[in-house]
Amino acid sequence: MQVLNGFVLRRPASIAEAAALLADPGARALAGGTDLLANLRHGLDRPATLVDLTGLAGLDKLDWADTGVAIGAIVTVARLARDPRVIAELPALAQAARSIAGPGHRSAATVGGNLCLDTRCVYYNQSEAWRRSNGYCLKREGDVCHVAPQGTRCHAAYSGDLAPVLLALDAQAEIASPAGGRRSPLGELYRDDGAQHLTLGRGEFVIAVHVPAPAPGVRMAYRKSRPRGAIDFPLAGVAVALAASDGRIESLRVALSGTNTHPRLLEGTGELAGQAIDNALFARLGKLVQKQVSPMRTTVTPANYRRQVASALAQRLVKELAGVS
Ligand SMILES: Cc1cc2nc3c(=O)[nH]c(=O)nc-3n(C[C@H](O)[C@H](O)[C@H](O)COP(=O)(O)OP(=O)(O)OC[C@H]3O[C@@H](n4cnc5c(N)ncnc54)[C@H](O)[C@@H]3O)c2cc1C
Ligand code: SF4
């Protein structure tokens, strides 16, 4: 890794000041820095200003209500993983948080940073010298995608672990902007483009995520496949929220990470309501996943392996949550 380029560090005292600072095209949001600083040391960006969000009052709260919880953007991943109420009421979120990076990273890493994590690719997350010797690539400084050389877009994968759980929970993102703020379904934070996967405009940043309380009877889990069990991004990460009774699906939501340029809520699971939880259901669910994920050659692991693993994890989690052996 190279030495960091020079930058000005700003510590805004309010959300409005942070939004005004971030409206400058040369400014980037800094939270725990566990993703951003590594990327800067790879020369993947050269911002003139870093805007440290971690001192902003009110963004470090877990605000519980009967209807759900509002999680501030600078709540750390470590806190999410160990919070007794998160563990009791949103166990899949605690599972996902526990699976992120290593303990040192988790103590600094934030929820907002995790949701806004840059996309990853084996041709991109490399040193400046490595990328230069390879002619760079479409995502930054080059004009060819080494993964799909005939194409005109980047397929780098979104690999955050919290987003699939939050999508399965139907969470909303609260976004601050120089014009005020807005709240929208979490899925709308993302677009299908590995080079520009966030829909945030200039000056906008995530201040909270609002998670509705799961409906009675809903059980949830998160599981990921990764190259190294101790510490690694998901090759495929799957969150499942299932309500079932008398051996039949009442409701099912499945969301995935690591397989597409954005975290993806599986479409078509609503049509599985009423279906018996049997091998025919698992086959149908497996096909849905395989059709909708689009892993590319962005990791050292073959794309088809990630497709199969995503499908198998979704089936396995439904089996476990339904208590089917
Ligand atoms: C060795 C290693 C292993 C890792 N393993 C995993 C893993 O298994 N799973 C995983 O999900 N992540 C992993 N990570 C990535 C990272 O540690 C986490 O995703 C972490 O949660 C990022 O949060 P942060 O606060 O450190 O973000 P930062 O690094 O501060 O920021 C990340 C990005 O988000 C932007 N940003 C930060 N906060 C906001 C906000 N509130 N609004 C808008 N934009 C914002 C920043 O500008 C930057 O582009 C790993 C990192 C390393 C170095
Ligand atoms: S998918 Fe292509 S354009 Fe995107 S980072 Fe990888 S090589 Fe670069």
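In what order do the strands of the open sheet of four strands stand, and is their pairing parallel or antiparallel?

## The four-stranded sheet

The order in this open sheet is 9-10-11-12, and the pairing is antiparallel; strands here are DSSP runs of E with at least two residues, helices are runs of H or I with at least four residues, and both are numbered from the N terminus. Two strands count as paired if DSSP finds at least two bridges between them. Strand 9 (219-225) and strand 12 (264-265) each have a single partner strand and stand at the edges, so one side of each is left without a neighbour in the sheet.

Seven bridges pair strand 9 with strand 10 (residues 236-245) in the antiparallel sense, and Tyr 222 has Ala 239 in strand 10 as its bridge partner. Helix 10 (residues 279-292) lies across strand 11 (248-257) and strand 12, running at about 30° to strand 11; axes are lines fitted to C-alpha atoms, for helices over the stretch in contact, and angles run from 0 to 180 degrees between N-to-C directions, with contact meaning heavy atoms within 4.5 Å.

## Basis of the model

This is a predicted model, in which local features need pLDDT of at least 70 and side-chain atom pairs count only at pLDDT 80 or more, while totals for chains, interfaces and linings use all residues. Residues are numbered from 1 along each chain as its sequence is written, chains are lettered from A and ligands numbered from 1 in the order in which they are written, and side-chain values use heavy atoms, with hydrogens and water left out.

Another open sheet, of three strands, has the order 1-3-2 with parallel pairing. Its edge strands, strand 1 (8-10) and strand 2 (27-30), each pair on one side only, and the twist averages 25° from one strand to the next. Strand 2 runs parallel to strand 3 (residues 49-52) and is joined to it by four bridges, with Arg 28 opposite Leu 50 in strand 3. Helix 1 (residues 15-22) lies across strand 1, strand 2 and strand 3, at about 140° to strand 2.

Strand 4 (residues 62-65) and strand 5 (residues 68-72) run antiparallel and are joined by four bridges. These two strands form a hairpin with two residues between them, and Asp 63 stands opposite Ala 70 in strand 5.

## The shell of ligand 2

The residues around ligand 2 (those with a heavy atom within 4 Å of it) include Cys 121, Cys 137, Cys 145, His 146, Cys 154 and His 155. By class, this shell has nine nonpolar, two polar and one charged residues.

Technical notes:
Ala, Val, Leu, Ile, Met, Phe, Trp, Tyr, Cys and Pro count as nonpolar, Asp, Glu, Lys and Arg as charged, and the others, Gly among them, as polar.
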